[in-house]
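The structure goes in first.

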Amino acid sequence: MRYRDDASLDPGGVQDRRRGGGGRAVAVGGGGLGLVGVLVLVLIQALGGGGGATTDPGAGGYGGYGGYGPVLDGLGEGQSTGLGELGASCRTGADANASAECAVVADVESIQDYWGGLLGERYVPAETVFFAGSTPTACGTGTSGTGPFYCPGDQLVYIDLSFFDELRSRFGAEGGTFVDAYVLAHEYGHHVQNLLGTSDAVPAGASGPESASVRLELQADCFAGAWANHATTVPDDSGAPLIAEITADDVERALDAAGRIGDDFIQTNLGDGTTDPSTYTHGTSEQRRLWFSTGYESGDPARCDTFAAADLG
């Protein structure tokens, strides 16, 4: 994946909070890639116990999009929302080609340009928050262990960039710049679902192979694929595409990553070697690859209606 060297980046879509952290409750509201359930499952199996995780009373259950409480009025001590070094170092497409964090800045810009062009006034921009360790959100405290997630309470995407290393080292994904972009595009898919009211179809605690939670996550994968189809033609403010090239190898790496965050793969490889379909919330590896491919091959978000699909794959 390459960005146009002379493109001008707009880092205004990113908040950089990596100098601070804190909070007390783990963020469980909103859609993510599925790592919250993964880590809870592994922890329970490791300790040989059960019971629920403690969460902020104002935070909704995972997959439930109501009852998040008020959006936070401010950040914790020592936290920053300014761009700082990020704004100074991520100025051009050449910077994105040389720096992983600048590449994410470019991804956020391209993804939002795509949805803004498609939805017009219905699209409300959502910033991405870089954090390290933990950060307060309207869905409780986000931590590195939750993986990237979208919080509908404040309409922000949260990510600790160390997740991309974790995806390679722990999950065995091939990784790469386009894989990182797929992860971000999936989370912005949840933002689109929130704006369109699709998220309201998912009751708190929904699980199972045909559940509304699985359908929501597979649709976000499909939306990510639809953006990817158009990524090299989506114009930036100059009228030229910000992204210059996505290769077949990039797409294969994204499919590899999608397969490694399926419920069945995660439970089998990070759990006790067994899998329980009744607990699925994100879909199987095969389904995640299928729906990303559906979006990528068609380039049409209308083909992403997983809620109407009789067969999820």
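How far from D154 is the nearest side chain of opposite charge, and which residue carries it? I looked it up, bearing in mind that this is a predicted model. The residue is R17, at 5.8 Å. D154 is buried yet has no salt bridge.

Next I placed D154 in the fold. D154 sits in the loop between β6 (149-151) and β7. A polar atom of the D154 side chain lies 3.1 Å from the backbone nitrogen of A138.

I turned to D16, in strand β2 (residues 14-16). Is D16 buried or exposed? D16 has a relative accessible area of 12%, which is under 20%, so D16 counts as buried. The D16 side chain makes a polar contact with the R18 side chain at 2.7 Å.

Then I went through the cores. The largest nonpolar core holds 67 residues. F178, L184, W227 and F292 touch the most other members. I listed the elements that give two or more residues to this core: α4 (100-119), β7 (156-159), α5 (163-169), α6 (177-196), α7 (212-230), α8 (248-259), α9 (263-270) and α10 (285-298). The largest share, 10 residues, comes from α4.

Leaving out residues up to four places away in sequence, F292 touches F178, Y182, D221, C222, A224, G225, A228, V251, A254 and L255.

Last, I noted a second, separate core of eight residues. Among them are C139, F149, C151 and L156.

Conventions:
Residues are numbered from 1 along each chain as its sequence is written. This is a predicted model: local features need pLDDT of at least 70, side-chain atom pairs count only at pLDDT 80 or more; totals for chains, interfaces and linings use all residues. Side-chain values use heavy atoms; hydrogens and water are left out. A nonpolar core is a set of buried Ala, Val, Leu, Ile, Met, Phe, Trp, Tyr and Cys residues joined through side-chain atoms within 4.5 Å. Buried means under 20% relative accessible area, exposed over 50%, partly exposed in between (1.4 Å probe, protein chains only). Helices (H or I, at least four residues) and strands (E, at least two) are DSSP runs, numbered from the N terminus. Contact means heavy atoms within 4.5 Å. A polar contact is a pair of N or O atoms within 3.5 Å; within protein, one must be able to donate a hydrogen and the other to accept it, and residues adjacent in sequence count only if both atoms are side-chain atoms. Lys and Arg count as positive and Asp and Glu as negative; His and the chain ends are not counted. A salt bridge is a side-chain nitrogen of Lys or Arg within 4 Å of a carboxyl oxygen of Asp or Glu.
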